[in-house]
Amino acid sequence: MLQSLLKKKAVWIVMILLGSLFVVTAVSADTATGTGWVEAHGSGVAGLKGNIDRLHINGHGVLYYYDGGQTDTPHVTGVGRKIELPNGWVKWVGFHGSFHLEDADHVKVVLHGRDIDLYASGTGSIWLRGHGTYTHGRADGTIVHGLWSHPDSTDEMPLE
């Protein structure tokens, strides 16, 4: 009986320790709150969702766009084959160009590729996976510089 009680305590201690590691990871991640802007350069995956004041993204790869609010028409230049998917997403395969969007609500944009240059302002979330750098400006005037997360990371940088 004593061994059973000690095993239960050991399990609880391990669970508490693992839980505290998760909290430390979440708190120490590069995150920001408030409406803001971000500028990023790199290769991997750059994605964002939210209400966009202005978005400009260049690069090479596969670009995805979803408009969940009022119909907003992006300005797309360059090459790539546009495919309208049945779930409301639009996909550009072999994308090599620029994507611009202004005053759009409830949108999602993802570019998976290389030589990505991104500027976005508004309210929402952005995630950057791969290799690159970013600068994030918060509404309070704070500027944060950082590196893109490891490709397997699930951290988001909220802009809301």
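Author: A nonpolar core is a set of buried Ala, Val, Leu, Ile, Met, Phe, Trp, Tyr and Cys residues joined through side-chain atoms within 4.5 Å. The model discussed here is predicted.

Reader: How many residues has the largest nonpolar core?

Author: Leu48, Leu55, Phe99 and Leu118 have the most contacts inside this core. The elements that give it two or more residues are S1 and S3. S3 supplies the largest share, 15 residues. The core as a whole has 26 residues.

Reader: Which residues does Leu55 contact, leaving aside neighbours within four places in sequence?

Author: Contact here takes heavy atoms within 4.5 Å. By that cut-off, Leu55 touches Leu48, Phe99, His100, Leu101, Val109, Leu118, Tyr119 and Ala120.

Reader: How many bridges join S1 to S3?

Author: S1 covers residues 36-67. S3 covers residues 89-138. The two run antiparallel, and the bridges between them number 57.

Reader: Which residue in the hairpin of S2 and S3 takes a positive phi?

Author: S2, residues 75-84, runs antiparallel to S3, with nine bridges joining them. Within that pairing, Gly78 stands opposite Gly97 in S3. The hairpin has four residues between the strands. The positive phi, near 95 degrees, belongs to Gly88.

Reader: And at the hairpin of S3 and S4, which residue in the turn has a positive phi?

Author: S4 spans residues 143-147 and pairs with S3 in the antiparallel sense over five bridges. Tyr134 stands opposite Gly146 in S4. Four residues lie between S3 and S4. The one in the turn with a positive phi, about 95 degrees, is Gly141.

Key
Residues are numbered from 1 along each chain as its sequence is written. This is a predicted model: local features need pLDDT of at least 70, side-chain atom pairs count only at pLDDT 80 or more; totals for chains, interfaces and linings use all residues. Side-chain values use heavy atoms; hydrogens and water are left out. Two strands pair if DSSP finds at least two bridges between them. Buried means under 20% relative accessible area, exposed over 50%, partly exposed in between (1.4 Å probe, protein chains only).
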